Amino acid sequence: MVALLSTWPWEGLGSFKYILFGPFLAKILHARHQEDTCSQALWCLHILILCTLRCFMYHSWTAYSNMLFLTRNRRIIKEGVDFKQIDKEWDWDNFILLQAALATLIFYKFPFLADLPLWNTRGFVAVVLLHIAISEPLYYLTHKYFHGKYLFTNYHSLHHSSPVPQPFTAGHLTLLEHLVLAVVIGVPIVGACFLGLGSISMIYGYVLIFDLLRSLGHCNTEILPHQIFEKFPFLRYLLYSPTYHSLHHTEMGTNFCLFMPIYDLLGNTLNSKSWDMHKKFSLDAGKNSRVPDFVFLAHVVDMTSAMHAQFVFRSYGSMPYTTRVILLPWLPVCFVVMLLMWAKSKTFLVSFYKLRGMLHQTWSVPRFGFQYFLPFAADGINKHIEEAILRANRLGVKVISLAALNKNEALNGGGTLFVNKHPDLEVRVVHGNTLTAAVTLNEIPDDVTEVFLSGSTSKLGRAIALYLCRKRVRVLMLTLSTERFQKIQKEAPTEYQKYLVQVSKYQAAQNCKTWIVGKWITPREQRFAPPGTHFHQFVVPPILRFRRDCTYGDLAAMKLPEDVEGLGCCEYTMDRGVVHACHAGGLVHSLEGWTHHEVGAIDVDRIDVVWEAALKHGLKPVSGVRKLIQH
C-alpha cells in the first residue's frame, strides 16, 4: 500500500499538470481586459514570474553541472547521470506548482499581503534572522526524522535513490516532504510580513536565494575555494558546500543541515571528513581528471539539435532528437552562440559513459554541419580535428573515432591526412566505416539478389559494392564516372566483376526493391523506386521519408552492451543506448586493443572481422531484419 502523501495528486497528468497554472494566467488576462489592476491579479502575476525564475534557476544550475568542459575536474561523485535517474527526476518541479498553490491560499487568507511595499530593508534582516532561528533548526530536526526507518523507507528514500546529486535532485521528494519544506521556506516570509516588515523584493530575494543554495548543495561540482574557509574558519559553519552535502548522500548518517553546518555541529552529526574532502576536491580542480580510454570526436549537426545537448536541456537530451516547437524561440540565442563558437572556441567534452571499467568520452568539434560545406572553412575544421587528435595523443587516449563529417573524404581523406602528417601517433585514429558497412550489409535480407546503390564510388559505397558482389548480389552502381566505376570493378575478383553494373540514371532501378542510399536523393528521385522498396541508407542527413508505399531504414547504428554505466544522453536521432556505427566501430577498436589505424579506404576483408568482434563484445544490431553476414 502506498504511504499517505507519498505521491502527487497530479501524478497521472504528465506534462498536462502545467494546465494548473491556467487560473493564474486567466486572472491576469481578465484583469488586463477589464483594465483593472486588482491586487489578486497582481499577486497572480508575481507568482507566475517567481515560478518562472525558480525554474530558470534550477535549469541553469543543472546546465552548469552538465557542462563537463567546465566541471569535469570539479565533479565530486565521478559517475554519470544515467537514463534511470533522469526518468526518476522528470517531475522535479512538482514542488514549484505546490508552493504556488499554497502561496495563493495564504494570500486569500491574509488580504493585507496585497499592500506589501516594493522594498523594506528591515524586512531582509528579519527574514534572515527568522531563517536562522526557525527554518534551519526545523529542517535539521525533520530531516533527521525522515532518516528514521519508517519515514526513510516510505518517503525520503526516493530522494536518495538518485546516485549522482543534481540540482533537479533537490526537487525529487515526496509530497509530504515538500509540504514540510514549504513550511520551512514559508515561515520566514510570513513571519516578516506579520511583523510589518515584508516587501515584494524580500519575497523574491529570499525564495531565489533559497533555491540557489539548494541547487549549490546538489550540483555535484565543488565551486567554493577551500581558501575562503581557511581564511575565515567561522564561515564553514554558516554555509555548506557541495562537498558537504554530497557526503550526506554517500554517508547518510551525517550532515543533515539545510544550509548551515553549525546545526550539525550542535547536533553532533557533522561528518569529520567534511573539511578535508572539501579541500581535496577544491585542489583537484586544477588537475586533469582521469584519461579516457576511447574518444568519439563528434560535431554539431544544426542549431535545433544543438539545444538537445545534455548541458542545455537535460530532459530533451535524454530522448532521441526531434524538432520541438517549444525550443524554436531559443533559435536566435543559439545563432549567437554559433557565431561565438565560430569566432573563438576549441573542441570540448560533451558526455561520457563507462563500460567494463573503461572510460569513454564524446568530444565535439565546435562547428555546425553546414560549415563543413563551406570551402573557406575546411582548413579551420581540419585544424580543430588535428588539435583534438594531438591532445588525445598527449593525454594517452588509446583510440579516437571520427564522426560523420569529421572524416569526410574531401576534407581529410577519411583521417588519412592526420595519420600521414603525424606518423608517430600512439593514439589510434579510426573512421569506423568498416563497422558502418557491416551494419548496412547486415540489414539486407539473404534472399536479395539485386540492389541499387547511390554514392557507389564513395568510401562506403565501394566497400558495400565489393562485399555484395562476392555474395553474388547484382549491384547497380549509380555513377556518371566510368573511370571510377571501372577502378572499383577491377578490385573485385574476376569471377565476381560481372555482378557490378554501372548505371547513370535512377530509372535503371525502377524494378529493384532494395535501394542503398549513400548520396542524398530528392523526393522526385525516390519516385523511380517501385512500391514496396526498402531504402537502406548511410547518408547524412537521412533522406526524407517521402514514399508511403515504401519503408526506410535508419542510419547505421548499434546498441551498446547492457552493462554500460552512466549513459544519460541520446546520440542525435538514435534511441537510448544506441550509437552511430562509426562510434561503435571506434569502441570495438578500443575493446579489441587493435594497434592499427583505420583510415582511408575500407578493407573489405575486415568487414566480417569487425562485425564478429562487435557481437562478441555485446553490441547488438538495431534492425530486426534477417542477417546477410554469417557469423
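**Note on aromatic pairs and annotated spans**

1. W61 and Y64 stand three residues apart in helix α2 (residues 39–65), so about one helical turn separates them; helices here are DSSP runs of H or I of at least four residues, and strands are E runs of at least two, numbered from the N terminus. The model is predicted, with local features requiring pLDDT of at least 70 and side-chain atom pairs pLDDT 80 or more, while totals for chains, interfaces and linings use all residues. Residues are numbered from 1 along each chain as its sequence is written, and side-chain values use heavy atoms, without hydrogens and water.

2. Rings of Phe, Tyr and Trp (its six-membered ring) pair if their centres lie within 6.5 Å, with planes under 30 degrees apart called stacked, over 60 edge-to-face and the rest tilted. The count by this rule is 33 aromatic pairs. W61 and Y64 make an edge-to-face pair, at 6.4 Å centre to centre and 90° between the planes.

3. W61 is buried at 14% relative accessible area, whereas Y64 is partly exposed at 24% (buried is under 20%, exposed over 50%, partly exposed in between; 1.4 Å probe, protein chains only). The pair Y506 and W515 is stacked, with ring centres 6.2 Å apart and planes at 25°. Y506 is buried at 14%, and W515 is buried at 0%. Ring pairs join Y506 and W515 with F452, F535 and Y552 in a cluster.

4. UniProt (unreviewed entry) lists "domain: Fatty acid hydroxylase" for residues 129–269; such annotations may be inferred rather than shown by experiment. That span is 63% helix and 0% strand, with its end C-alpha atoms 23 Å apart.
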